[in-house]
Amino acid sequence: MIKGLFDGKRWSALFAAFPEYYIPGFLMTLKISLVGLAVALVLGVIFGMFSSSKWKLLKIISRIYVEFIQNTPLALQVMCYYSVLPMLFSSSGFRIPKFVLGVIGVGVYHGAYISEVIRTGIEAVPKGQSEAAASQGFSYLETMYHIILPQTIKIIMPPLANQALNLVKNTSILAMVAGMDLMYFTDSWGADRGYFAQAYFTSAVMYFIICFPLARLARYLEIRSMRLPVAKKLDIQADEEAV
Amino acid sequence: MMKKMLSLALAFAMAATLTACGSKAPEATKAPADTKAAGSSAEATTGAGAAGTAAKDVQKIIDRGVLKVGCKSDIPKFSLQNTATGQYEGFEDDLAYEIAGSIFGCSAAEAKEKKLVEFQGVTAKTRGPLLENGEIDLVIATFTITPERKETYNFSTPYYTDAVGLLVNKDSGIKSIEDLDGKVIGVAQSSTTKDGFKKYVDEKGLKVNPQFQEFDGYPALAQALATKQIDCFSVDRAILAGYVNDGNLILEDRFAEQDYGVAAAKENTGLAEAVEKKVTSMLSDGSMKKLQDQWGLQ
């Protein structure tokens, strides 16, 4: 049994520290998660399209990005953004704001994964679909927009939600570089007072608060996308009358 | 053709994993027994603690035949793990041997020779939980005594008094504490540096208002200073001394005199008593001073 988990004194110490530590940490994590997710989605869609495009150069660029990011640890990447990236700008004293650092960190990392999710999603749609679209005179973008992507979404929704949830949880890596996020403040308060059970339990609950609605939303979208497509009701009668 | 080759490769991979499982089996069967033993001993120590009898927790350690001590592994002179031999060497480690000697009824040299102390490297963050869950019996790891911590752990009389110092890059142009206004000071998690700094500045009537950032471990702090992500690295001077190099220097200012104590878990009162007796006797007969001189500590 974890000692002192139900100790009232420790919990009241936690509630006293709550506004100073957990609220700013929670907001920072939430902000980084939302903006990071947007960045990851944009990068993912762009590079996902690149890797399923016809031009070889785009494919190669996308491959390099994905392989490099996928096969190196996030902790190392964040460390690199933190200490090496500023040197590109100036040799002394330039600092990337922690929020931007977090957004770049998780955004670029999960962008690579999402790009893979999207690539596999596009490739999973049978080739006959795009050939049929081509035979009907659809352009590449029209094919993508009307035929391929709607089918892709169904396939990619579950792995995409997975990535979104992982992204939220991976923001905790920022604590390593004093990122002022939820994990940072949890460590800070927990280590300060020694009430680790309270500190980490509360932190877990707060991550859950962010992740759980996201998971439910993803599930809802997944179920909705699985509904069989219903043909649009065209106003055929009006046409007939006109004839 | 391609498919056939793939299935062949898969078959090989599966065969490989199967044989791997086979060869590992003896180890796997052995492992649960070990963990069981470890688990029961951990339970036993907590059981003794709950009973609250004074000598029982000490008896437990004597029965086990080894005193488990949490020490830092990265502080020169205090407690540094020798990378070649894996041994812990320093003032705090010798103190651990002294305490072990008094518990097992032998001299410190004998305790060292018989390996009666089992060291475990700890950080500012891990030492508390390790002590609380009974993984280690004592923490002798530049652990500053504070009123809040006294509520959670059993501290001995201070065995060393240190002050906090400020390490800055030479090319940063920071000459004294006054230059730190608006700068970023890196401190270690679970350290008392922040409060000490504010108190010192208030006492001197200076208007210095830096920003504090906490890091997990001293190497991370040293790295952040080297890459100029923080302007100043501020922890106990004993620890700072290990990170001085050509590019940085320690400022004159010293503040927040703080006392290091040996910590035991709150319920291990018998052990705390034994430690307290040893530390006070070492302080009164001058052997503590001798030990500090031996390691070159002022």
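This note sets out points on strands and helices of chain B in a predicted model.

1. Basis. Residues are numbered from 1 along each chain as its sequence is written, and chains are lettered from A in the order in which they are written. The model is predicted, with local features needing pLDDT of at least 70 and side-chain atom pairs counting only at pLDDT 80 or more, while totals for chains, interfaces and linings use all residues; side-chain values use heavy atoms, leaving out hydrogens and water.

2. Open sheet. In chain B, an antiparallel open sheet has the strand order E2-E3-E4. Strands (E, at least two residues) and helices (H or I, at least four) are DSSP runs numbered from the N terminus; two strands pair if DSSP finds at least two bridges between them. Strands E2 (74-75) and E4 (88-89) are at the edges with a single partner each, so one side of each lacks a neighbour in the sheet. Two bridges link E2(B) to E3(B), residues 79-81, and B:Asp74 has B:Leu80 as its bridge partner.

3. Helix H3(B). Of the 14 residues of H3(B), twelve are buried, meaning under 20% relative accessible area with a 1.4 Å probe and protein chains only. Among them are B:Phe91, B:Tyr97 and B:Phe104. Just after the helix, B:Gly105 takes a positive phi of about 70 degrees.

4. Strand E9(B). Five of the five residues of E9(B), residues 184-188, are buried. B:Val184, B:Gly186 and B:Ala188 point one way, and B:Ile185 and B:Val187 the other. E9(B) runs parallel to E10(B), residues 211-215, through five bridges, with B:Val184 opposite B:Gln211. Two bridges join E9(B) to E11(B), also in parallel, and B:Gly186 faces B:Phe233 there.

Conventions. Buried < 20%, exposed > 50% of the residue type's maximum accessible area, 1.4 Å probe, protein only.
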